[in-house]
Amino acid sequence: MLSFRSVLTGTLRKEHRGGGALIAALGLRKSAAGVMLNPSGLSPVSSSRRTLCGLSAARRGLIQRKMTENGVASRRGKVLTVDTMNPNVKKVEYAVRGPIVQRAVQIEKELKEGVKKPFTEVIKANIGDAHAMGQRPITFFRQVLALCSYPELLDDPSFPEDAKNRARRILQSCGGGSIGAYSASQGIECVRQDVARYIQRRDGGIPSDPDNIYLTTGASDGIVTMLKLLVCGEGESRTGVMISIPQYPLYSAALAELGAVQINYYLNEEQCWSLDISELKRSLAAARRHCNPRALCIINPGNPTGQVQSRQCIEDVIRFAAEENLFLMADEVYQDNVYAYGCKFHSFKKVLFEMGPEYSEQVELASFHSTSKCYMGECGFRGGYMEVINMHPEVKAQLTKLVSVRLCPPVPGQALMDLVVNPPQPGEPSYTTFLKERNATLSALAEKAKLTEQILNTVPGITCNPVQGAMYSFPQITIPERAVKEAKEKGQAPDMLYCMQLLEETGICVVPGSGFGQRDGTYHFRMTILPSTDKLKVLLEKVKEFHQKFTLQYS
Amino acid sequence: MENGVISHRGKVLTTDTMNPNVKKVEYAVRGPIVQRAVQIEKELKAGMKKPFSEVIKANIGDAHAMGQRPITFLRQVLALCSYPELLNDNKFPEDAKNRARRILQSCGGGSIGAYSASQGIESVRQDVARYIERRDGGIQSDPDNIYLTTGASDGIVTMLKLLVSGEGRGRTGVMISIPQYPLYSAALADLGAVQISYYLDEERCWSLDVRELRRALNAAREHCQPRALCIINPGNPTGQVQSRQCIEDVIRFAAEEHLFLMADEVYQDNVYAEGCEFHSFKKVLFEMGPEYYKTVELASFHSTSKCYMGECGFRGGYMEVINLDPDVKVQLTKLVSVRLCPPVPGQALLDLVVNPPQPDEPSYATFIKERTAVLTALAEKAKLTEQILNTVPGITCNPVQGAMYSFPRITLPERAITEAKEKGQAPDMFYCMKLLEETGICLVPGSGFGQREGTFHFRMTILPPMDKLKVLLAKVKEFHQSFTQQYS
């Protein structure tokens, strides 16, 4: 299964460079079955690709042939094949849940079935999924959600009054007093008001208008929606969008799907993944030759790179966007996840407004937040919001229309978002517990960020920037020449080969750097720092041991 | 301006420079009329005098907003999943606790706050497959063919997205009924696909005629590449329930014409009319024998938002794919992984819908009572709506055999049509807007769903409680008469 996936990816990648050679290399021939499967006269490349993909192409061919004899319909094969499907979807890649994770799931099943492995459990450090890693939900949030789900509990004396009040307020703003009703497409009005007030507090009083808040199905939904609005033109005038490399692959996936042009700007690994305006300029100038750059995406704190942007840097970016007439998209889902001494989260909105009306009245900005990260880690609820600044009123009307087609973001997620932006206040019964739980999570994360950096940096051949924020470490790994060569022969990225071996030998699932993008010739992996400290120590020890063994094996 | 580097260039994003496909998207169910309704509600709150005291939003199938109570069992389990400390509370019945434990056990870290697999929680997909098997009299369903979704809309858009390719005459065309649920036209516009309209036969209770399918297909072949056929059964907005024979004909047509079938079956429990029965496309397909069930590609959709539960806010749903090319399935799984997972509370809810209390369990009696009460009331309201509307001269209304809407035809006086056209409005939009301003009743004009030229309709949901529905229908009657008089 695994090798089939990687071969498939390899084939797709090489297709336009002449798949014939690859097919020859793989020793495949155009079988009768292949022809049967491709009656519409497709190229040998695609027909062979199909033979590659099936579980047993020959068997499928037989079935197909048999049906042809008595069936009207079967002559023509499938309506929907990889050759006739949306070509943009084919280009989409999302490494965070890619082949390595599929293999991890398979290994988990094998373990359950009693297959012997050199480990007893799979540790999925591939994704920032806090609860899956054992983090406990915040009591107050879950109490309110239970009350909203089953309002009969409002009579239960064991729930604190502040939780009940929050639940009543949320229910009152739901149609028919039920979180089972659709909300307004933009989100429940009182939740949007609470979000606006939260932003105002966060940004030292800079006003936020609830009409500029759109609740979303996780931050991803908001990001894709904004990108969709921005895409137009053909050929050299096609919309280009600047994204950091390394990036969170939602961006590259969304751009591929929308057929927009991805413009890479590289973060500076030597300076703790900082963003350099001269690099933005270089990349923009290069892109202007073949597309129409219209937007600049920033992830702060960084994913997968964990840097926290300085205020100065944000200002520079805003000035750059203003000068170059770019729409700014600020992905700030890790805004509470700042650990390093001297680092502080500054929102793009705040810095924009502090730069004066010349900027605050002009620069178009969308910023994104979510219930999935920070101290709550409630990924499953798919809650989030975006705030749009200086958006043209007619475009805003189009945005509102567009989101209305999907009716509304999940209401439990909206309720949760409300609690995140309006948590227990001093004087309320749940305040102490809330604060204790929140701080416990955040200080544990800070410790784990430090621990991860320290241990990884003791391994010869691994170098790791400090995890200033977010939830990941993205260390650079030295891969021996022989391993690089072997990977290439297999049609695999070298860090994919590395991560796949790590998974098979230790049960640890991390994502290869190639899934996020990296400078040519460098290799990385992303691992989350979320496992409990004990487990994290074991994990890091195992990575250390594996890396040494791997290096030895291929030297 | 003078000192700004930037300002002379204006906005980056304007209606002239935005995605042109998005501009073409229209979604009447939440269109201008609903925006006006929300505004009127605010005006009422602000103390403005109106000829009515409340806005009745009959524009959308939003059961709870119309006062329908949630099913106790479903909400108990959701509360338990949200706050597992309640598992120690003896107020909750054992079957609810067992369901909650089972759901939590299949969540990462035992929390519905963890991401699920992109395709959906495995145990939920297994329960969905078993539900489909029971529903379809034992025809097999494979959990690997089940994808949990964020409401049915999400699944439908995803499938359409996979299908779209080509340019010019090679561009994918998708057949949709007229009248249609405007998610389809909106999604096709967004994707830049070609909408192929086939008309339902209003004279025969909105039935589907294969000849009309053929006419539409042949006409479309001149300018695009028709690749899919969408069916909504029971019908939205038209409320018809397709006969088994008709479904068979459609499947045969799809097979002959090499079309991918998409069956929107979210109203599968909402069948009221005597002699009508819901038949799933899957079941009919398999009963037609291997010649069909081994070849015809089918995606069918279901949701937690309709039927007797009406849990719209949770955005739960699933799709089942049949005969999907394995390579395409890999692509589908990859595509849905980008959005990580459907909302987990919605997945949990769906699990309860497909695996409700069983006869020997403590919650069974209450569950059946609540479920039956909702469905019986809906059946009554379907009948009442049809009857009352048909007493109004100038309104004719097909029986509401299923789903949650009536889609009556309205006769509009020539003068009203002229006035609407002068205002650049669709005549039935003009009508509905006036109805809203004068009575507070919010309906959706037929033009938002599509209709034969020169005919006018509106869609109203039958969901309001009986008393309110009666008032609503009486007001519509009165309004229609005064409108007709005014413009005659």
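Pro246(A) sits in the loop between β3 (239–245) and α12 (250–258) of chain A, with helices (H or I, at least four residues) and strands (E, at least two) taken as DSSP runs numbered from the N terminus.

Residues are numbered from 1 along each chain as its sequence is written, chains are lettered from A and ligands numbered from 1 in the order in which they are written, and side-chain values use heavy atoms, with hydrogens and water left out.

As for confidence, pLDDT is the predictor's own score for each residue, from 0 to 100. Chain A averages 87, and 86% of the residues score at least 70. Residues 1–74 of chain A are another matter, with pLDDT below 50; beyond near neighbours in sequence, this stretch has 87 contacts in the model, a contact being heavy atoms within 4.5 Å. Where pLDDT is low, the predicted coordinates should not be read in detail.

Back in chain B, backbone angles pick out two residues that are not glycines. Cys307(B) has a positive phi of about 55 degrees and is found in the loop between β7 (298–303) and β8 (316–322). Its relative accessible area is 0%, so Cys307(B) is buried (buried means under 20% relative accessible area, exposed over 50%, partly exposed in between, with a 1.4 Å probe and protein chains only). Arg315(B), also in the loop between β7 and β8, has a positive phi of about 50 degrees. Arg315(B) counts as buried as well, at 2% relative accessibility.

Turning to charged pairs, a salt bridge is a side-chain nitrogen of Lys or Arg within 4 Å of a carboxyl oxygen of Asp or Glu. By that rule, the count over all chains is 61. One of them pairs Arg103(A) with Glu504(A) at 2.5 Å, N to O. Arg103(A) lies in helix α7 (residues 99–112) and Glu504(A) in helix α21 (residues 494–506), so this bridge ties together parts of chain A that are 401 residues apart in sequence. Arg103(A) is buried at 11% relative accessible area, while Glu504(A) is partly exposed at 27%.

Another bridge links Arg192(A) and Asp211(A), whose closest N and O atoms are 3.9 Å apart. Since Arg192(A) lies in helix α10 (residues 189–202) and Asp211(A) in the loop between α10 and β2 (213–217), the pair ties together parts 19 residues apart in sequence. The arginine, Arg192(A), is buried at 7%; Asp211(A) is partly exposed at 43%.

In chain B, Arg409(B) and Glu203(B) meet in a salt bridge at 3.6 Å, N to O. Arg409(B) belongs to strand β11 (residues 409–410) and Glu203(B) to the loop between β4 (194–199) and α8 (210–221), so parts that are 206 residues apart in sequence are tied together. Arg409(B) is partly exposed at 29%, and Glu203(B) is exposed at 64%. Finally, a network of salt bridges links Arg311(A), Glu315(A), Asp316(A), Arg319(A), Lys350(A) and Glu354(A).

Terms used:
This is a predicted model: local features need pLDDT of at least 70, side-chain atom pairs count only at pLDDT 80 or more; totals for chains, interfaces and linings use all residues.
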